Amino acid sequence: MKVTSSSQTQTNSLIVLIGLMGSGKTSVGRALAKKLNFKFVDSDELVEKTVKLSVREIFVQMGEVEFRRLESSALAEACRFTQSTVLAVAGGAILRQENRTLLKDHAKCVVWLDAPTSTLVGRTGRAKHRPLLDADPVGQLNQMRIDRESLYQQIATYKIATGPFSVADVVNQVIETCELSVAQAVVN
Ligand code: S3P
C-alpha cells in the first residue's frame, strides 16, 4: 500500500525500514541488503557499537532518554553514509520529530513493516535488547501500536504486511514496491 511520496534527491540509495519491535526490520533488512549488494545498518547495533554497551545496559545504566539521544546520533551517522544502504530503524526512533524529518529527507523509500500484535509477541519473545517488553509484552506492544501508528504513517512511503510471509517474500515485495532496479539485485 502506497502511503506518501519521498522527497529524497541523492544518487546513493537509502532504503529505510520502520515498524514495531518484531515486525521483521532486521531480518528483512539484512536479506534485502544482501540481495541488492547494499550495506546493512541496524540502528540498535550502531548505538551498541558506539558506546560499547548493549541496548539493555544502556537502558539500565543511562536511561531511555539517553538511549533516544544516542539513537538520534546513530541515525544521523547512518544518513551520512555515501554507500547505498538498507537501514533498519529501531521501533521507537520515530517518536522524535527530528528523526522522522531526517529519515524522510534522506530515504529513497521508507517501508513500514507491520504484523498483528500476536505475531510480534511471538517474534520478540527471544530477544534480549527489548527491556520495554519485559513486564507485559502484549499490553506494551498494543499501547505502542496506538501511540506510534500515526508516526509511522507520517513518514512511510509504503506499508507492507509481514505477518504471513517469509523473509524472502517480504524482500521481493520491498524490491517491487520501491521499484529498486533489478540490475541492482544480485541474481542467485
Ligand atoms: C525499542 C525497539 C528496540 C530497541 C529498544 C526500544 C522501541 O529495537 O531499540 O528495545 O522502543 O520500540 P527493535 O525495534 O529493533 O526491536
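Reader: Why is C178 called buried?

Author: C178 has 7% relative accessibility. Buried means under 20% relative accessible area, exposed over 50%, partly exposed in between (1.4 Å probe, protein chains only). C178 is at 7%, so it counts as buried. The model is predicted: local features need pLDDT of at least 70, side-chain atom pairs pLDDT 80 or more, while totals for chains, interfaces and linings use all residues. Residues are numbered from 1 along each chain as its sequence is written, and side-chain values use heavy atoms, without hydrogens and water.

Reader: How do you know that C109 and C178 form a disulfide?

Author: Their sulfur atoms are 2.2 Å apart. A disulfide is a pair of cysteine sulfur atoms within 2.5 Å. The distance meets that limit, so the pair is a disulfide. By this rule, the count is one.

Reader: Where in the chain do the two cysteines sit?

Author: C109 is in strand β4, and C178 is in the segment after α8. They are 69 residues apart, and the pair links distant parts of the chain. Helices (H or I, at least four residues) and strands (E, at least two) are DSSP runs, numbered from the N terminus. C109 counts as buried because its relative accessibility is 2%.

Reader: What is the angle about the S-S bond of C109 and C178, and what is its hand?

Author: The angle is -75°, and the link is left-handed.

Reader: Why is α2 called roughly perpendicular to α4?

Author: The axes of α2 (residues 43-51) and α4 (residues 64-79) cross at roughly 105° and come within 9 Å. Axes are lines fitted to C-alpha atoms, for helices over the stretch in contact, and angles run from 0 to 180 degrees between N-to-C directions. Under 35 degrees is roughly parallel, over 145 roughly antiparallel, 65 to 115 roughly perpendicular, and the rest oblique. So α2 is roughly perpendicular to α4.

Reader: Which residues make that contact?

Author: From α2, S43, D44, L46, V47, T50 and V51; from α4, F67, L70, E71, A74, L75, E77 and A78. Contact means heavy atoms within 4.5 Å.

Reader: Is I94 buried or exposed?

Author: Buried, because its relative accessibility is 1%. I94 lies in the loop between β3 (85-88) and α5 (97-106). Leaving aside neighbours within four places in sequence, I94 contacts I18, R100, R148, L151, Y152 and I155.

Reader: Why are N37 and E179 called exposed?

Author: N37 has a relative accessible area of 63%, so it is exposed. E179 counts as exposed at 65% relative accessibility. N37 lies in the loop between α1 (25-36) and β2, and E179 in the segment after α8.

Reader: What is the phi of N37 and of E179?

Author: N37 has phi near 60°, positive in a residue other than glycine. E179 has a positive phi of about 50°, and is not a glycine.
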